[in-house]
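Please view it alongside the sequence and the coordinates.

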Amino acid sequence: MWAILGLVLLADAIDVIDGTITNIAAPTIARELNGGESLIKWVGPAYMLAMGVLLLIGGRLGDKFGQRKLFLIGMGGFTLASAVIGFSPDPGLLIAARVAQGAFGALLIPQGMAIMTKAFDREMLAKAFGLFGPVLGISSVGGPVLAGFIINADLFGLSWRPIFLANIFLGIIGMIIAVRILPRDDDADRSTVVDGWGSGLLSVAMFGLLYGLIEGSTNGWHAFSVIAVVVGLLFFGAFAYRQRTAEHPLIKPSLLKNRGFTSGMVVGLVAFAASTGLFFVLSLFIQEGLHASPRDASLGLVPLTVGLIGASFAAMGGLVTKLGRKLVFIGLGVSIVGCGWVLALVKFSGTDLSLWALAPAFIVIGVGTGLCFTTIPTVALGDAKPDEAGSASGSLGSIQQLASAIGSAAVTSVFFMAATSGFAHAMEVTLIVVLAATALSLPFVVLMPRKAPSEPSE
């Protein structure tokens, strides 16, 4: 049982690390591959887009064909895609491999939770869930920090490439362990229906929106960029209609009629998008505006991630149960204070700021984000029925990934469009946009369930 838990934690840790390391590595990758702003904007969202779109059906595919089989396919594909990224000679191949990496990750991640739920008793499951927070928290901090040190060390003259090539070793070890210890898939239900049309419509919608947004802000808002955004919106409308009419939708129609859940999805979409985009832009500002090295940039963001982890533990340690949606208000409010603090510092000192001066404000942003990241999904499930919990959790996970992709693309686009007047001005404009978006989400919090579910396992 402990070996299975270790394997699942390894898979989740790799996913978190590969989702966050580009916050530090993107400028270096873009410079060495001559990818420019477009590559910086795509390298993170490409992974998150594929992960978010396919995460909803990843669990269904595991039910249909077996969790063990899908875990091995996901781990193998993720490892191969990481190798392609590590050896990529040009931006096009790297982005394609990042999409593949996110897609295989979406097949891999849902299987671990399903395998544990089937194989573990209640006591062991409680111990397992207790370890997820610390491990994933350490991964979210350690990944970018390690990436910064590896890039600075320039191991074997490979610059940024070892941060992805390390997945080859980890992936092979993971597959060997998985073959030996994961239970057989004798209970796979081949009658499980997967809504391929729904997933396809969502894929086109998100790609159109991201492509139009990134290309429009990089190369100008020509007809093709505008058409891409319009097509994305149309396909998203078709996806929403499909979810209301399909016999086996990806999202249960009853959830879409649940005001508390849909309000939580809206708040989560804004909060995750704004926070993920801001984290990426802060890394860019530190490296491009303050001229810090990748290592120093990764260390400069440690106060933010420490605040995030500490607040996450406090929330899940009992605050979310006691305060419910009030904690979402507090988290968003603290985030607004932190962003306002950074805005004041940049407005007063421009690019003459030191990382030490930014550290206290970064801690505040991290605390606000940590309260939101853990509380919003939990409270949003407060009104969900037991038979809706699985679909609701999967939907919220996908929303988080898709919001991260949208946020990285949108906020980075704002930053680069404003950067023509200097990096200090770009940071000010970006912070104002993030503050406005966060403030606009506050009224929706009132519509969320008052309390978190009384039984988290449901």
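Predicted model: local features only at pLDDT ≥ 70, side-chain atom pairs only at ≥ 80, totals over all residues.

Residues are numbered from 1 along each chain as its sequence is written, and side-chain values use heavy atoms, with hydrogens and water left out.

**Helices**

- Helices (H or I, at least four residues) and strands (E, at least two) are DSSP runs, numbered from the N terminus.
- Helix α12 covers residues 259–289, 31 residues in total, and spans 43 Å between its first and last C-alpha, close to the 45 Å expected at 1.5 Å a residue; the expected span is 1.5 Å times one less than the number of residues.
- Of the 31 residues of α12, 25 are buried, so the helix is largely enclosed by the rest of the structure; buried means under 20% relative accessible area, exposed over 50%, and partly exposed in between (1.4 Å probe, protein chains only).
- After α12 comes His291, which has a positive phi near 60 degrees.
- Helix α5 (residues 67–87) has 21 residues and reaches 30 Å from first C-alpha to last, close to the expected 30 Å.
- α5 is mostly covered, with 15 of its 21 residues buried.

**Largest cavity**

- On a 1 Å grid over the protein atoms alone, a cavity is a set of points where a 1.4 Å probe fits but cannot get out; a pocket is an open set with protein on both sides within 12 Å along at least five of seven lines, and lining residues have an atom within 4 Å of a point.
- Grid points are joined across faces, edges and corners, and a volume is the space filled by probe spheres set on the points.
- The structure holds one cavity of 30 Å³ or more, and the volume of the largest cavity is about 120 Å³.
- Its lining has 15 residues, of which Ala271, Ala274, Ser275, Ser335 and Thr438 lie nearest the centre.
- Two or more lining residues each come from α12, α15 (325–349), α16 (355–380) and α18 (423–445), and α12 gives the most, with five.
- Ten of the lining residues are nonpolar, five are polar and none is charged; Ala, Val, Leu, Ile, Met, Phe, Trp, Tyr, Cys and Pro count as nonpolar, Asp, Glu, Lys and Arg as charged, and the others, Gly among them, as polar.

**Second largest pocket**

- The second largest pocket has a volume of about 650 Å³.
- It is lined by 29 residues, and Phe236, Met265, Leu269, Ile399 and Ile406 lie nearest its centre.
- The elements giving two or more residues to this lining are α9 (196–219), α10 (223–245), α12, α17 (389–418) and α18.
- α17 gives the most, with nine residues.
- The lining has 24 nonpolar, five polar and no charged residues.

**Ser335**

- Ser335 lies in helix α15 and is buried, with a relative accessible area of 11%.
- Its side chain reaches the backbone nitrogen of Thr369 at 3.4 Å.
- Leaving out residues up to four places away in sequence, Ser335 touches Ile365, Gly368 and Thr369 (contact means heavy atoms within 4.5 Å).

**Ala297**

- Ala297 sits in helix α13 (residues 294–300) and counts as buried at 0% relative accessibility.
- Ala297 and Pro144 are 153 residues apart in sequence and 9.2 Å apart in space, C-alpha to C-alpha.
- Ala297 touches Ile24, Ile286, Gln287 and Ala292, not counting residues up to four places away in sequence.

Key. Polar contact = N/O pair within 3.5 Å; in protein donor to acceptor, adjacent residues only side chain to side chain.
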